[in-house]
Structures are given as structure tokens and as C-alpha cells.
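Look at the structure first, then read on.

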Amino acid sequence: LLGDYRKSIEYLEKSLKIAIEMGDRGGEGAAYGNLGNSYQRLGDYRKSIEYLEKDLKIATKICDRGGEGKAYGNLGNSYRLLGDYRKSIEYLEKHLKIAREIGDRGGEGATYGNLGNSYRLLGDYGKSIECLEKALKIATEIGDRGGEGKAYGILGNSYRLLGDYRKSIEYLEKH
């Protein structure tokens, strides 16, 4: 987490090459996913999506439901950052379905938070708040203080955009 994503990409490309040479499909998919996330951090969302789609394809092929869900979630975040909120929501809903199916409460909570953010950016504040309240509930239940703080912050901004300044301040103070 030093923020040197170019160096990270350099090593991930080596990891990818080795995984391919060894026929390690899981390792290959993980390398594609990590490359996608690194490019996302650099702001190259198109390249991020290219790698994340490869990750998704492999996870689906090897029946790795957790990996498939994470790939959908990462794709949803890249599309949100690209400004395609509807496509973001489509992918995030797929991640949410898988997270519920495999009992991944942390993934479920994080996905509700990401959905809330996408709906807020789309201008659907009611749906945003609905998702964020679910994210907050799960984060509180599982002791995810970071997720809790993130949900409070986005809820505060959503209520501000709705014109409910008292509720906005309440949530932002909790954030």
C-alpha cells in the first residue's frame, strides 16, 4: 500500500507470466484482477476493465464463485469511476448476489456501499440511502469500522443532496 502502482504492475506482470507458464489458472486470474485494480488506482479505467474482464472469465471458468464475485465488484467500481453508473450497478448487483450466495458478509456490506455510491452519482438518492443503510447495518454487525465510517460519510452526502441538512450533519459527524 505504498502507492507505487507502476512498480506493482511490473511485478504483477511477472507473476502473470509465471502463472501462465505453470498453467495456474487461479494464479493467472488473481494476477489479472490485481493488475486491473492497479490500473484502476492509476485512473486508467479502460485498461482496468480489460484486465478485470479476463479475471472474471477465468474465475467463471474454474468455478471460483468468490473470485467471480470480486471480479464483478471490481468491474462495477471501474465502471462507476468511468462514469457509467448503470453498468456499474449491473455488475455490483451480480457481486451482491454471489456474496449473499456464498455467505460473504463483508463483501455484501461493501457492495451495498458501492451500490449506494453509484445510485447517488446517478441521482437516485432514495435508492442510494436504502443501500447505504444496509451497508451500515452489515458493517456494524461484523465490526467493520472502516465500512461503517464510509457508509456514514456517503449517507451524509446523500442527505445533503436531498436537502435534509440536519440528517446530513448527523451522519457526517458520525463519519
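How are H1 and H2 oriented to each other, roughly parallel or roughly antiparallel? The model is predicted. The answer starts from the axes.

## Helices H1 and H2

Helix H1 spans residues 5-22, and helix H2 spans residues 25-42. Their axes cross at roughly 160 degrees and come within 9 Å. Angles over 145 degrees count as roughly antiparallel. H1 and H2 are therefore roughly antiparallel to each other. Their crossing is left-handed.

On the H1 side, the contact uses Tyr5, Arg6, Ser8, Ile9, Leu12, Glu13, Ser15, Leu16, Ala19 and Ile20. They meet Gly27, Glu28, Ala31, Tyr32, Asn34, Leu35, Ser38, Tyr39, Arg41 and Leu42 of H2. By class, the contact of H1 with H2 has 11 nonpolar, five polar and four charged residues.

## Helices H4 and H5

The axes of H4 and H5 come within 7 Å. They cross at roughly 155 degrees. That makes H4 roughly antiparallel to H5. The crossing of H4 with H5 is left-handed.

H4 brings residues including Arg65, Gly66, Gly69, Lys70, Tyr72 and Leu75 to this contact. Among those from H5 are Tyr85, Tyr91, Leu92, His95, Ile98 and Ile102. The residues of the contact of H4 with H5 split into eight nonpolar, seven polar and seven charged.

## The largest cavity

What is the volume of the largest cavity? It is about 30 Å³. The count is one cavity of 30 Å³ or more.

The lining consists of Arg65, Gly66, Gly69, Lys70, His95, Ile98, Ala99, Ile102 and Asp104. Helix H4 (65-82) and helix H5 (85-102) each supply at least two of the lining residues. By class, the cavity lining has three nonpolar, three polar and three charged residues.

## The largest pocket

The largest pocket has a volume of about 240 Å³. Its lining has 16 residues. Gly109, Ala110, Asp144, Gly147 and Lys150 lie nearest the pocket centre.

Which helix gives the most to this lining? H6 does, with six residues. Helix H6 (105-122), helix H7 (125-142) and helix H8 (145-162) each supply at least two lining residues. The pocket lining divides into seven nonpolar, six polar and three charged residues.

Note on methods. Residues are numbered from 1 along each chain as its sequence is written. This is a predicted model: local features need pLDDT of at least 70, side-chain atom pairs count only at pLDDT 80 or more; totals for chains, interfaces and linings use all residues. Side-chain values use heavy atoms; hydrogens and water are left out. Axes are lines fitted to C-alpha atoms, for helices over the stretch in contact, and angles run from 0 to 180 degrees between N-to-C directions. Helices (H or I, at least four residues) and strands (E, at least two) are DSSP runs, numbered from the N terminus. Angles under 35 degrees count as roughly parallel, over 145 as roughly antiparallel, 65 to 115 as roughly perpendicular and the rest as oblique. A crossing is left-handed if the near helix is turned anticlockwise from the far one by less than a right angle, and right-handed if clockwise. Contact means heavy atoms within 4.5 Å. Ala, Val, Leu, Ile, Met, Phe, Trp, Tyr, Cys and Pro count as nonpolar, Asp, Glu, Lys and Arg as charged, and the others, Gly among them, as polar. On a 1 Å grid over the protein atoms alone, a cavity is a set of points where a 1.4 Å probe fits but cannot get out, and a pocket is an open set with protein on both sides within 12 Å along at least five of seven lines; lining residues have an atom within 4 Å of a point. Grid points are joined across faces, edges and corners, and a volume is the space filled by probe spheres set on the points.
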